[in-house]
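Subject: Structure handover, salt bridges

Hello,

Here is the structure for you to look through. My notes on its charged pairs follow below.

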Amino acid sequence: MGTAPQIAPEIYDFYTDTFDEATRLTATADGALELVRTQEILRRLLPPAPATVLDVGGGPGIHAQWLSADGYKVHVVDPVARHVEQAAALGVGAEIGDARQLTADTGSYDVVLLLGPLYHLLERADRDRALAEARRVVRPGGLVAAAAIGRYASLYEHVATTFLGTERVRDAVADILRTGRHEPGRKGFTAAYFHTAEGLEEEMVAAGLEGVAVHGIEGPAWSCLKAAEQHSGERLIGSPMFVAALESARLAEPYPALLSSSSHMLATATAGSLTGCRREVG
């Protein structure tokens with residue numbers, strides 16, 4: 001087990017006592033859409049199994065589980081003890097740790113995933129440290145993939161929920177649009193940073209990663225899917241509307257103008273050598 005990381009208490013408490021991350025990607029149609037699309041994008045880019053994958057901020061092991069089933073050797077690092085216990089129960093390696101100070105050796109993994117840390121590192125310096133650590137521990141030429149919440153996700157979401165009509169939620173969403181920051185205690189979520197596509201790409205490039213590409217995950221129809229499920233009371237995973245939303249995400253992916261319509265984005269890149277690294281955007 002790693003040393004206890006220094007994360008904001010409200011983030012630790014949110015994932016320990018308030019919210020069960022283990023069900024987020026399986027309980028709702030928009031969550032399932034995020035899972036399917038993340039799998040699709042990563043499977044196109046991952047090296048062949050049994051490559052080694054460090055799943056940083058891997059939570060309760062949702063992604064580690066399918067990666068392990070695909071034959072990858074996965075190790076989860078997460079700051080929340082509850083998540084580490086849940087991931088370990090799935091049969092993958094798991095330790096308490098901090099994305100900004102990994103215990104892994106330099107160049108020791110074929111793939112490093114950050115499918116959560118950039119959400120909850122509100123300061124640019126902390127995100128830079130996390131990306132620098134990912135680049136350090138991945139082998140030269142290895143894959144780094146980092147997920148981000150889209151800057152406009154909260155706007156779309158709260159039209160779907162209809163909560164945007166309340167002053168408290170409207171003010172919180174307006175602040176996110178202006179600053180990218182969600183402060184704890186507002187509209188049912190914890191402290192978080194919401195990226196623009198340009199900002200996410202710039203952070204990856206600044207970390208010395210090469211061939212950076214930013215992918216829209218859920219595409220332009222995820223909020224329609226969320227609204228239909230929430231207001232009908234029906235479970236829409238696998239429904240014709242789910243299939244249509246999935247196809248819209250696939251069709252939208254090649255078009256940068258549609259990146260802002262996704263709830264989440266996935267930036268992918270490769271790591272050059274730690275010395276003499278060229279910074280290129282592909």
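This is a predicted model, where local features need pLDDT of at least 70, side-chain atom pairs count only at pLDDT 80 or more, and totals for chains, interfaces and linings use all residues. Residues are numbered from 1 along each chain as its sequence is written, and side-chain values use heavy atoms, with hydrogens and water left out.

The structure holds 21 salt bridges (a side-chain nitrogen of Lys or Arg within 4 Å of a carboxyl oxygen of Asp or Glu). Side chains of opposite charge can pair when their charged atoms come close.

Start with E202 and R124. Their closest N and O atoms are 2.9 Å apart. This pair links distant parts of the chain: E202 sits in helix α9 (residues 197–206) and R124 in helix α6 (residues 124–137), 78 residues apart. Helices here are DSSP runs (H or I, at least four residues), numbered from the N terminus. E202 is partly exposed, at 40% relative accessible area. R124 is partly exposed too, at 31%. The cut-offs: buried is under 20%, exposed over 50%, partly exposed in between (1.4 Å probe, protein chains only).

Next, E133 and R136. They form a salt bridge at 2.7 Å, N to O. Both are in helix α6, three residues apart, or about one helical turn. E133 is buried, at 12% relative accessibility.

Helix α8 (residues 167–179) holds D175 and R178, also three residues apart. Their closest N and O atoms are 2.6 Å apart in a salt bridge. R178 is exposed, at 58%.

Finally, a network of salt bridges links R37, E40, R44, E247, R250 and E253.

Best wishes

Key: Helices (H or I, at least four residues) and strands (E, at least two) are DSSP runs, numbered from the N terminus.
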